Amino acid sequence: QFDTNDGGKIEAGLFTSQTKKVVIFAHGAIFNKESWYFLAEKLQKEGVSSLSINFRGYGNSKKGNTNKKSLDILGAVDFLKNKRYKNIVIVGGSMGGAAVLRALSTKTDSFIKKVVLLAPAGGDAIDSSSIKKLFVVSSSERLFSRVNTIYDNSSQPKKLKIFSGAFHAQHMFKAEYSNELITLILDFIKTD
C-alpha cells in the first residue's frame with residue numbers, strides 16, 4: 001500500500017526485479033490490478049520491475065478527500081521514487097490512460113521516461129518532450145477520434161499504433177493480434 005497526497009490509501013501488486021526500471025500499470029474501469037499481472041510477470045522474467053495499482057474504490061484502495069484517480073498515479077510515482085527507482089514507465093488503459101494523462105498535466109517528473117496509453121478515455125495531450133510516448137488504439141472503436149486528437153496534440157517523441165477492429169483498451173489483449181500487441185508494449189518498455 002501507498003498513500004496519496006489527498007489522504008487516499010492505494011493497494012498494489014509489486015513485482016521486483018534487479019534493474020532500476022519499473023512500470024506502473026493503471027487499469028480500465030471494468031478491470032483491476034490483477035488484470036495486468038500477466039504482463040508484470042513477463043517483465044519480471046526479463047529484468048523489469050512493476051507496480052500494478054488498484055485505483056481508489058477498487059479492491060482495498062480507499063479514496064482520499066477527492067475522487068481524482070490522477071493522484072493515485074502520482075502517489076505511485078512517489079512510492080517508487082522512495083524505493084530508489086529512477087526509470088519509470090507508466091502503462092494505462094482507458095480510464096487508467098485518462099488518469100495517466102491527467103496526472104502528467106498536473107505534474108511531470110524527470111523519473112518518468114515513457115508512457116504507453118491504450119485508448120485513453122479522455123485527458124490532455126502530453127507536453128513533455130522528455131517522455132517517450134506510445135499510443136495504441138483500434139480503428140473502429142468509439143474513442144478512435146479522441147485518441148488521435150490527443151496523439152496529434154502531444155509533443156514528440158511519440159508513436160501511434162492502430163490495430164484493426166473495435167476492441168477497446170485492455171480488451172485488445174483478447175484480439176487475434178494479442179501477441180503482436182504484447183511484443184510491441186514489451187519492446188517499447190525494454191528499449192532505452
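Tutor: Let us begin with F135, which has its place in strand 8; strands (E, at least two residues) and helices (H or I, at least four residues) are DSSP runs numbered from the N terminus. This is a predicted model, in which local features need pLDDT of at least 70 and side-chain atom pairs count only at pLDDT 80 or more, while totals for chains, interfaces and linings use all residues. Residues are numbered from 1 along each chain as its sequence is written, and side-chain values use heavy atoms, with hydrogens and water left out.

Student: Is F135 buried or exposed?

Tutor: Buried means under 20% relative accessible area, exposed over 50%, and partly exposed in between (1.4 Å probe, protein chains only). F135 counts as buried because its relative accessibility is 0%. Contact means heavy atoms within 4.5 Å; beyond its neighbours within four places in sequence, F135 touches L117, V147, I150, Y151, S154, K159, L160 and K161.

Student: Which residues of helix 1 are buried?

Tutor: In helix 1 (residues 37–45), they are Y37, L39, A40 and L43. Viewed down the helix axis, these buried residues fall within an arc of 155 degrees, so they line one face of helix 1; the arc is that of the directions from the helix axis to the C-beta atoms. They pack against strand 3 (12–15), strand 4 (21–26), strand 5 (49–53) and helix 5 (178–190).

Student: How are helix 1 and helix 5 oriented to each other?

Tutor: Two packed helices are described by the angle and the distance between their axes. Axes are lines fitted to C-alpha atoms, for helices over the stretch in contact, and angles run from 0 to 180 degrees between N-to-C directions. Angles under 35 degrees count as roughly parallel, over 145 as roughly antiparallel, 65 to 115 as roughly perpendicular and the rest as oblique. The axes of helix 1 and helix 5 come within 11 Å and cross at roughly 50 degrees, and the two helices are therefore oblique to each other. Here F38, L39, K42 and L43 of helix 1 meet I182, L186 and I189 of helix 5.

Student: At what angle do helix 2 and helix 3 cross?

Tutor: The axes of helix 2 (residues 70–82) and helix 3 (residues 95–106) cross at roughly 70 degrees and come within 7 Å. These helices are therefore roughly perpendicular to each other. S70, I73 and L74 of helix 2 make the contact with A99, V100, R102, A103 and T106 of helix 3.

Student: Which residues does a cis peptide bond join?

Tutor: Such a bond joins Q156 and P157, with omega about -5 degrees. P157 has its place in the loop between helix 4 (144–153) and strand 9 (158–163).
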